[in-house]
Amino acid sequence: MSLGDEPGYGDASRGEDGGYGGSGQTRTRLPDRQGDVYGGARRGRGSSSRSLITVVGVVVLLIAAIAFANRGDDSPSSGDTGGDKAKTSPTAASGDHPVDTKSAGIPSGFPHTGEGAQSAAANYAVALGSADMFNKAGRDQILATVITPSKVADFEATLDKAYTPQFNKNVGLNEDGSAPQGYTFVSRTTAIGTKTTESSADAATVEVWCSGLLGLAGQDSTNPVTSSWFTITMTLDWSSDDWKIVTHSQKDGPAPVPGDDRASSADDIAKAVEEYGGFTYAR
């Protein structure tokens with residue numbers, strides 16, 4: 001959610017309901033049949049065997065080519081010449097290992113590189129989109145961890161005006177940000193990808209493309225868990241031997257065409273949130 005605007009179902013919860021058109025159906029070509037105008041006449045056994053061998057050979061070569069093109073260095077990053085470019089392509093994962101330290105449960109100690117700034121932005125997006133942001137103590141701890149020290153007080157003041165007891169009630173929570181009895185509050189952000197738009201030795205502007213879940217899982221919930229897509233833009237500076245956020249903004253999308261998945265029950269969503277943990281992201 002945008003830290004500069006009122007949070008909640010106005011920003012991080014908005015999904016894109018529409019699509020690009022089309023039915024979403026796929027035409028499936030059946031095996032060749034006698035008289036099939038798309039498949040032609042039935043071929044003999046010998047011809048089919050030769051065709052199968054040819055197809056298998058092409059598939060094997062294609063797989064080998066893809067594996068060769070996408071192979072990357074699995075060794076840890078040296079942190080010196082990586083910059084903000086991946087080892088294979090501008091959008092591919094770099095293969096760098098994630099950090100192994102945390103502060104207040106949030107990954108920390110990122111490399112002083114362009115890729116380190118992207119990794120920090122991805123992990124900070126997850127923290128800022130978590131359920132802990134809806135209670136004062138948890139929110140202040142997150143801000144103290146991810147925001148550059150000179151800006152922490154400003155962020156706290158801005159968000160205290162947004163996350164009010166009345167706001168929490170409006171989204172179905174108790175005034176202190178806790179979930180009502182019998183309900184599970186879901187607020188989770190997943191980083192899909194990152195890119196650096198500006199960078200210097202000690203500063204970087206990073207965009208994080210995200211998907212999010214937000215809502216109350218429980219029987220008769222008036223705010224069921226919904227998904228959304230959004231892009232967060234962060235400016236970061238190198239402070240106290242780590243990357244820290246200076247400014248933060250958010251916009252909707254890019255959002256894919258919705259699929260045909262059947263919505264799960266409230267119990268299934270609540271169980272999934274409790275059982276499936278999050279990740280430490282690395283560019």
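The legends below accompany several close-up views of a predicted model.

View 1. Of the 283 residues of the protein, 35% count as buried. When contacts between residues at least 6 apart in sequence are considered, 60% of them join residues at least 24 apart.

**View 2. The open sheet of 4 strands, in the order E3-E4-E5-E6.** The pairing in this sheet is antiparallel, and in general the strands of a sheet pair through backbone hydrogen bonds, either parallel or antiparallel. Strand E3 (184–199) and strand E6 stand at the edges, where each has a single partner strand, so one side of each is left without a neighbour in the sheet. From one strand to the next, the twist averages 30°. Helix H6 (residues 266–275) packs on the sheet and touches E3 and E4, and the direction of H6 makes about 55° with that of E3.

**View 3. The pairing of strand E4 with strand E5.** Strand E4 (residues 203–217) and E5 pair in the antiparallel sense over 12 bridges. Along this pairing, Leu-213 stands opposite Ser-227 in E5, while Cys-210 stands opposite Phe-230 in E5.

View 4. Is Ser-211 buried or exposed? Its relative accessible area is 16%, and because a residue under 20% counts as buried, Ser-211 is buried. Leaving aside the neighbours within four places in sequence, Ser-211 is in contact with Arg-188, Thr-189, Thr-190 and Ile-192, and also with Ser-228, Trp-229 and Phe-230. Phe-230, one of these contacts of Ser-211, is also the residue of E5 that stands opposite Cys-210.

**View 5. The hairpin formed by strands E5 and E6.** Strand E5 (residues 226–239) and strand E6 (residues 242–252) run antiparallel and are joined by 10 bridges. Between the two strands of the hairpin lie 2 residues, and Ser-240 in the turn has a positive phi of about 55°.

**View 6. The packing of helix H2 against helix H3.** Helix H2 (residues 114–128) and H3 pack at an angle of about 165°, with their axes 10 Å apart. Angles over 145 degrees count as roughly antiparallel, and H2 and H3 are therefore roughly antiparallel to each other. The crossing in which H2 passes H3 is left-handed. On the side of H2 the contact is made by Tyr-124, Ala-127 and Leu-128, and on the side of H3 by Ile-142, Leu-143 and Val-146. By class, the residues of this contact of H2 with H3 divide into 6 nonpolar, no polar and no charged.

**View 7. The packing of helix H3 against helix H4.** Helix H3 (residues 136–146) and helix H4 (residues 152–162) pack at an angle of about 150°, and their axes are 10 Å apart. H3 and H4 are therefore roughly antiparallel to each other, and their crossing is right-handed. In this contact Lys-136, Arg-139, Asp-140, Leu-143 and Ala-144 of H3 meet Val-152, Phe-155, Glu-156, Leu-159 and Asp-160 of H4. By class, the contact of H3 with H4 has 5 nonpolar, no polar and 5 charged residues.

**View 8. The buried residues of helix H3.** Which residues of H3 are buried? They are Gly-138, Arg-139, Asp-140, Ile-142, Leu-143, Thr-145 and Val-146. The buried residues of H3 pack against strand E1 (101–103) and strand E2 (106–108), and also against H2, H4 and E6. Leu-143, one of the buried residues, takes part in the contact of H3 with H2 and also in that of H3 with H4.

Key: Residues are numbered from 1 along each chain as its sequence is written. This is a predicted model: local features need pLDDT of at least 70, side-chain atom pairs count only at pLDDT 80 or more; totals for chains, interfaces and linings use all residues. Side-chain values use heavy atoms; hydrogens and water are left out. Two strands pair if DSSP finds at least two bridges between them. Axes are lines fitted to C-alpha atoms, for helices over the stretch in contact, and angles run from 0 to 180 degrees between N-to-C directions. Angles under 35 degrees count as roughly parallel, over 145 as roughly antiparallel, 65 to 115 as roughly perpendicular and the rest as oblique. A crossing is left-handed if the near helix is turned anticlockwise from the far one by less than a right angle, and right-handed if clockwise. Contact means heavy atoms within 4.5 Å. Ala, Val, Leu, Ile, Met, Phe, Trp, Tyr, Cys and Pro count as nonpolar, Asp, Glu, Lys and Arg as charged, and the others, Gly among them, as polar. Buried means under 20% relative accessible area, exposed over 50%, partly exposed in between (1.4 Å probe, protein chains only).
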